[in-house]
Amino acid sequence: MMDAGAARPTRVFRIETADRLSRTSAIIACIVLLMLVLLPVFAGRTLIQDLIFLFYMLALAQCWNLLAGYAGLISVGQQAFVGLGGYVLFALTLIGGANPLLAIPVAGIVSAALALPTALIVFRLRGAYFAIGTWVVAEVYRLVFAQVKALGGGTGTSLSPSVTSSVPGIEWIKTALDVRTPAARDIASYWLALALMAGTLAFVYLVLRSRRGLALGAIRDREAAAASLGVDIDRIKLAVYVATAAMTGMVGALIYLQKARISPDAAFSVLDWTAYVLFIVVIGGIGTIEGPVIGAIIFYLMQRYLADFGAWYLILLGTLGILVMLFAPRGLWGLVSERYDLTLFPTRRRLVVNEDRSQG
Amino acid sequence: MTGFLDAIIQGILLGGLYALFATGLSLMFGVMRLVNLAHGDLIVLAAFAIFVVAERLGLDPFVAVLLAAPILFAIGFALQHVLLNRALGRDLLPPLLVTFGLSIIIQNGLLQMFSADSRRLRSGAIETASISLGGDIAVGVVPLLTLASAIAVIVLLNIIFYRTAIGRAFRATSDDLDVAQLMGIDVNRTFAIAMGIAFVVIAIAALYLGLRANFDPTIGPARLLYAFEAVIIGGLGSFWGTLAGGIVLGLAQTIGARIDPEWQILSGHLAFLVVLAIRPRGLFPRAVD
Amino acid sequence: MPLLRTQKLTAFYGDFQALYGIDTSLEASETIAIIGANGAGKSTFLKAIAGLIEGPADSVLLDGLPIGAKRAADIVRLGVALVPEGRRLFPSLTVEENLLIGGHSRKLAAPWTLDRVYALFPVLKERRSSAAPLLSGGQQQMAAIGRALMSNPRVLLCDEISLGLAPIVIADIYAALPQIKAEGTSVVLVEQDIVQAMKAADRVYCFQEGRVSLEGRPRALSRDQIHRAYFG
């Protein structure tokens with residue numbers, strides 16, 4: 001019998017993560033970003049407010065996607081960090097008199113700091129039990145903040161206009177774009193939300209393209225196998241958990257700066273900050289960067305046109321989530337990318353084979 | 001001192017209710033490794049089912065539950081067969097997401113049908129009847145019945161699991177799905193029967209939920225958390241452990257409430273986290289996973 | 001007509017093809033052995049027959065009936081039982097419960113009953129109330145065979161029943177085969193232990209990389225032929 005290996009031409013291998021299409025999409029992404037930055041010059045206030053909502057939901061979705069879709073940590077308790085971030089902002093500005101812009105990064109730091117001890121406990125729960133464990137922790141946060149009388153206890157409290165207007169740059173926006181204070185506040189929030197969303201997206205993208213990102217893929221695919229290859233699973237999972245907590249906390253701070261009113265039930269709502277986020281990721285396509293973007297846009301459209309139907313809207317959303325999970329588990333983006341073999345944000349390494357027949 | 005003793009007794013009795021919540025969850029995990037995020041909402045759904053049967057037919061809830069139980073068995077069987085079996089597999093996300101979606105559908109479906117008003121199951125004098133234990137301590141008949149029912153349910157489930165052919169099939173399927181099929185066990189049907197039985201347990205839990213306090217469509221998730229905490233505190237794999245977990249949770253909540261009524265739920269959660277921190281496998285672990 | 005027949009049987013694990021068109025036949029009351037190197041596709045072959053790997057309906061015929069697309073639970077009801085590799089007793093069941101669950105779906109009470117399995121492997125009766133994991137390897141293998149017999153199979157598929165056992169224990173287990181055949185049961189043995197397989201089997205198939213490389217009666221085959229069929 002012939003030696004099959006020797007008969008083949010020599011092959012030259014290259015490992016690539018980006019191809020020409022994705023270089024194009026990087027350029028397009030920059031153009032889109034620039035347009036979004038300049039949008040307040042032309043757009044009305046409603047659109048700006050809608051986009052703030054879209055941006056922070058997308059940022060939350062990317063965080064959850066990194067957590068569940070890559071690190072395999074299926075949390076239904078991320079509302080803990082949204083609420084925590086919001087409350088940190090309220091505490092710093094109302095009680096501490098700090099500037100809201102400063103309070104946002106501090107909210108991220110506090111969230112990360114509290115995520116560490118939280119992880120020590122909930123990481124003892126495996127798989128699906130981890131999910132409910134994170135939910136219990138979020139409930140603990142909610143009940144504890146309901147006891148803090150200085151922040152309004154169970155009924156919550158509001159930010160005074162003097163606080164919401166103290167974001168640096170609002171005066172500049174007022175004169176530069178010739179708008180009133182409330183509109184200028186929205187525009188400032190818009191830019192903050194855009195920055196956080198773009199930052200989250202970039203962070204997730206860079207993490208996934210790094211060496212650690214490779215390890216994450218290994219964890220998702222098979223935990224035991226990854227461990228046997230020397231991937232320190234627990235440390236990577238912990239790092240992802242803490243990092244997403246920090247980002248979720250910052251987004252939470254921004255959300256409640258924009259809302260200007262906080263209460264424990266709203267800030268730690270499992271429906272608003274986890275269920276919606278989960279559906280966004282799953283409907284769009286978990287484990288991809290593109291999926292949550294699509295999911296967030298779909299969710300925004302549904303929210304905008306169907307939310308008036310109240311309970312029926314939520315029933316529809318739940319049904320849609322179930323159907324996608326059962327019949328298209330890779331989400332809408334999965335369907336598209338399968339059909340057209342398309343990747344806009346390549347995070348997987350591709351093996352490129354150059355067959356060199358001359359040396360056969 | 002009497003106050004403290006009273007808290008202990010009331011806590012144990014409350015634990016009976018939590019054990020009933022938890023037993024269904026424990027059964028689902030034990031047989032099909034399903035962690036059901038809609039569990040609390042299913043209990044509330046069952047409470048509404050009993051409520052409707054009792055109202056429409058003018059029956060006592062204790063009779064209504066007998067009528068509702070077979071209906072709920074059928075719903076559970078169908079739910080597992082049509083929906084949940086498709087979601088189960090090596091991947092954890094589908095069952096979690098599907099039951100999460102179900103939770104939202106049930107909550108909002110109930111809101112749509114019954115509004116957000118509070119309801120209660122009415123059973124006449126028994127609701128307020130109590131037995132004096134001397135001193136200032138008295139125990140309510142309904143809480144006592146709750147605990148007795150929890151114990152009866154667990155005894156019955158143990159008989160089913162360890163003395164019957166279907167119970168053997170439950171344990172075999174939970175041990176090794178592939179080999180169970182080689183024995184001719186129809187896994188989908190076995191899971192559906194297990195879910196049917198879990199729904200009967202849910203019906204019993206719902207009866208006492210509705211007799212002891214008001215309920216409305218939104219209270220499901222909190223019940224899920226109590227049930228889950230009881231299961232984990234007790235340790236996976238044994239129904240008696242689940243009962244013990246329910247009682248620990250009931251005690252923590254009752255004692256917390258004596259210190260400050262606002263701390264009732266919080267002290268239950270904290271007790272759970274403390275147990276998790278010092279005995280991650282629960283107080284009475286049995287299962288090997 | 002043969003009792004069991006595979007024709008152009010293929011099997012895949014995802015994108016990996018493990019079997020490339022296997023043609024075999026098994027007569028009533030016959031014992032055949034499947035031998036071959038590791039990874040030749042022997043276990044896959046048994047799994048495909050038992051319904052653990054799906055394939056086209058007419059790639060496996062039982063009594064002329066296409067069963068290739070049926071599920072494992074239905075195939076055992078039709079009379080094909082598998083003793084899986086590594087025994088795989090149910091750890092949370094006792095020995096007796098393991099045997100009883102083997103009879104979970106059977107329609108006839110005969111020929112195999114709890115008492116007859118205990119007569120075949122007396123040590124199982126002594127340990128009937130033990131949890132399965134407490135048994136020795138040989139006892140576990142006996143229980144796994146007994147469990148499969150409890151379904152009263154017409155075809156018994158045995159996957160590596162000598163694996164990891166001491167020679168004396170292997171001899172004990174192989175000593176039970178004639179009694180099983182005496183009930184009219186056909187047996188397919190997948191074996192690494194060629195000597196045992198050649199002694200017990202009426203016919204032998206040798207697999208190599210997912211294909212049949214040799215077939216014949218044990219006495220008609222030379223060492224050299226087998227060696228070549230094994231390693232190519």
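Visitor: What share of the contacts in chain A with a separation of 6 or more is due to residues 24 or more positions apart?

Guide: This is a predicted model, where local features need pLDDT of at least 70 and side-chain atom pairs count only at pLDDT 80 or more, while totals for chains, interfaces and linings use all residues. Residues are numbered from 1 along each chain as its sequence is written, and chains are lettered from A and ligands numbered from 1 in the order in which they are written. Two residues are in contact if their C-beta atoms, placed from the backbone, lie within 7 Å. For chain A, the share of these contacts made by residues 24 or more positions apart is 77%.

Visitor: How much of chain A is buried?

Guide: Chain A has 17 helices and four strands (DSSP runs of H or I, at least four residues, and of E, at least two, numbered from the N terminus). A residue is buried with 20 or more other C-beta atoms within 10 Å of its own, exposed with 12 or fewer, and partly exposed in between, C-beta atoms being placed from the backbone. Of the 360 residues in chain A, the buried part is 44%.

Visitor: How many nonpolar residues does chain A have on the side that touches chain B?

Guide: The contact takes 31 residues from chain A and 32 residues from chain B. On the chain A side, helix H6 (127–145), helix H14 (270–284) and helix H16 (311–327) each supply at least two residues. Five residues of this side are polar and two are charged (Ala, Val, Leu, Ile, Met, Phe, Trp, Tyr, Cys and Pro count as nonpolar, Asp, Glu, Lys and Arg as charged, and the others, Gly among them, as polar). The number of nonpolar residues is 24.

Visitor: Which elements of chain C give two or more residues to the side that touches chain B?

Guide: Here 21 residues of chain C are in contact with 15 residues of chain B. By class, the chain C side has 12 nonpolar, five polar and four charged residues. The elements that give two or more residues to it are helix H2 (72–77) and helix H3 (95–102) of chain C.

Visitor: Why do E6 and E10 of chain C each have one side without a neighbour in the sheet?

Guide: In chain C, six strands form an open sheet with mixed pairing, in the order E6-E7-E8-E3-E9-E10 (two strands pair if DSSP finds at least two bridges between them). Strand E6 (80–83) and E10 stand at the edges of that sheet, so one side of each lacks a neighbour there. The reason is that each of them has a single partner strand.

Visitor: Which residue in the turn between E9(C) and E10(C) has a positive phi?

Guide: Strand E9 (residues 203–208) of chain C runs parallel to strand E3 (residues 31–36) of chain C, with five bridges between them, and C:Ile34 stands opposite C:Tyr205 in E9(C). With strand E10 (residues 211–216) of chain C, E9(C) runs antiparallel over five bridges; C:Gln208 is partnered with C:Arg211, and C:Cys206 with C:Leu214. E9(C) and E10(C) form a hairpin with two residues between them. In its turn, the residue with a positive phi, about 45°, is C:Glu209.

Visitor: Is B:Asp136 buried or exposed?

Guide: B:Asp136 lies in the loop between strand E1 (130–132) and strand E2 (138–140) of chain B. Not counting residues up to four places away in sequence, B:Asp136 touches B:Thr2 and B:Asp6. Because B:Asp136 has 10 other C-beta atoms within 10 Å, this residue is exposed.

Visitor: What separates the C-alpha atoms of B:Asp136 and B:Gly167?

Guide: Along the chain, B:Asp136 and B:Gly167 are 31 residues apart. The separation of their C-alpha atoms is 45 Å.
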